[in-house]
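Please look at the sequence and the structure first.

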Amino acid sequence: MSGTILSILPPILAIVMVLLTRRVLISLGTGIVLGALLIHSFSPGKSLVSLWQSFQVTFWDGGLNTYNVFIILFLFLLGIITAFVSLSGGSRAFAEWAVKHIKTRRGAKLLTAFLGVVIFIDDYFNALAVGQIARPITDHHRISRTKLAYFIDSTSAPVCVVSPVSSWGAYLIGLIGTILATQSVITYSPLTAFIMMAPMNFYVIAALAMVFFVAITDFDLLEMKKHERRAIDTGEVFDPKKDIPGQLKEDFPVHSHGKVKDLVLPIVTLVIATIGAMLWTGYQNAGVLDIWAIFENTDVPKSLLIGGTAGAVVSIVLYLLQFGKNEKANLSYLSKGIWSGIQSMLPAVLILVFAWSLTFIIDKLKTGEYLAQVVIDANLPIGLLPVILFILAGGMAFATGTSWGSFGILLPIAGTIMISADPTMLLPTLAAVLGGAVLGDHCSPISDTTILSSTGAGCNHIDHVTTQLPYALISAAVASVGYLVLGLTGSVWLSLGLVITILAILFYVLIKMSEKSTN
């Protein structure tokens, strides 16, 4: 049943169950089991083998699966950093410092949005680092954790997908290079092509504009409004009845004499060590001192592990320095703090492992190939392809939970179609695929970046999905109009101007609606 319409059932079932039941692991598990059964036409024995393989490859795939294992270890290290930053009093001190310097909710929201844009090296790193830095500030100003997660998620991937100096940029430049390699009619380099595509990525433009609009104003939609109202009225920035990644599992004595450096130094160490490791591993693999080659060959999970280890060590050392020589009894909290930090990340790790397992099953079912073939067989008008591929890439990333997988499948297909039919529309169509894949990533509850954004913010995973969805869909609607006009007219600047105009009108209307509701 691989490569057929039935191949879309497991991800769709998992996503629907997640949204209806809000029980992530059971929903993902159901999708995994159904997928394994479909692969082998409901043969119990063979299905059990595929079921075991789907979890085994997460950790061992002909050898240690360092990509996944290092990401898991990094999450545990991040939990340890969070625990000791809190225990040392660093979070409290940083929040007190923020009170003096960032005095409004708007300032706290804008700081978070700017951090999301500035930390563009990698989306995983962005999601977790921005959460660590901004959480004490947004908590103090009673900004809900779901809004923090929205800011994190809707800035990390959108910025990474248009930044050449990032893990995403390096991957995409390499992928675009393979598409252009055999085409003598193409005169620009892969890097030039990637940079030229940035103003054509209408979803990124719309999503980032929406983030800053929400940060500047008090406009909230649907579920987000409920979370924000609760945070403002009660001070509860997350639902205490739910299991929240990033929260300590038991009470520990928090030092009242903690300093801002007790939070800043571990985070700065994490950032510097991670970026340094990315440059080092990239240079080792590339063998040349070239920034593009370095980022194309960098080992992101290994770099995160190195940076996480360095940050954890610094956070523990700063905690130990709080004690005098005669306070040995308090050292018993060291092992408890480490274990508590690990425990705090277990829910996120389990969701991530199940999501990776479902991704393995979906790959075996060839769900992405089936969706791509639908477009090829439809023989659609060339002018409609940018908007159609934008929607298809969004649907594919939504169903599979991976934007990179959608890139790998759809970019070569889009390139082949457009080079043969209309080379002048090649870059706009590739940009539409990039934007659509990021859209699907934002909407999908089985996306790893969605999981890590909720983890970084310390909010319930499904709360993040349901609150971000309306903003992502509004941005997608605006981008769709842009891609439709771009495909029909071939004018990038006309389409971009139209997108900006629609956003300006939309924001004006929303502000007026908000003013009426408050009056």
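## Helix 6

The model is predicted. Helix 6 covers residues 105-118, 14 residues in all, and reaches 20 Å from its first C-alpha to its last. That span is close to the 20 Å expected at 1.5 Å a residue.

Six names make up the buried part of helix 6: Ala 108, Lys 109, Thr 112, Ala 113, Leu 115 and Gly 116. Seen down the helix axis, these buried residues fall within an arc of 160°, so they line one face of helix 6. Their cover includes helix 7 (123-140), helix 8 (145-160) and helix 11 (202-216).

## The protein as a whole

The protein has 23 helices and zero strands. Of its 519 residues, 55% are buried. Among contacts with a separation of 6 or more, 77% are between residues 24 or more positions apart. The protein exposes about 20,800 Å², and carbon and sulfur atoms supply 67% of that area.

## Salt bridges

The structure holds eight salt bridges. One of them joins Asp 218 to Lys 109, with the closest N and O atoms 3.6 Å apart. This pair links distant parts of the chain, 109 residues apart: Asp 218 lies in the loop between helix 11 and helix 12 (222-234), and Lys 109 lies in helix 6. Asp 218 is exposed, with a relative accessible area of 59%, whereas Lys 109 counts as buried at 1% relative accessibility.

Another salt bridge is formed by Lys 147 and Asp 220, whose closest N and O atoms are 2.3 Å apart. This pair also links distant parts of the chain: Lys 147 is in helix 8 and Asp 220 in the loop between helix 11 and helix 12, 73 residues apart. Both Lys 147 and Asp 220 are buried. Together with Arg 105 and Glu 228, they are linked in a network of salt bridges.

Lys 261 and Asp 262 form a further salt bridge, the closest N and O atoms being 3.4 Å apart. Lys 261 is partly exposed, at 42% relative accessible area, while Asp 262 is buried, at 2%.

## A buried serine and a surface patch

Ser 453 sits in helix 21 (residues 448-457) and counts as buried, at 1% relative accessibility. Leaving aside neighbours within four places in sequence, Ser 453 is in contact with Ala 127, Ala 149, Ile 152, Asp 153 and His 464.

Tyr 508 belongs to helix 23 (residues 492-518) and is exposed, with a relative accessible area of 52%.

How values were computed. Residues are numbered from 1 along each chain as its sequence is written. This is a predicted model: local features need pLDDT of at least 70, side-chain atom pairs count only at pLDDT 80 or more; totals for chains, interfaces and linings use all residues. Side-chain values use heavy atoms; hydrogens and water are left out. Helices (H or I, at least four residues) and strands (E, at least two) are DSSP runs, numbered from the N terminus. The expected span of a helix is 1.5 Å times one less than its number of residues. Buried means under 20% relative accessible area, exposed over 50%, partly exposed in between (1.4 Å probe, protein chains only). The arc is that of the directions from the helix axis to the C-beta atoms. Contact means heavy atoms within 4.5 Å. Accessible areas come from the Shrake-Rupley method with a 1.4 Å probe; for residues, only the protein chains shown count as cover. A salt bridge is a side-chain nitrogen of Lys or Arg within 4 Å of a carboxyl oxygen of Asp or Glu.
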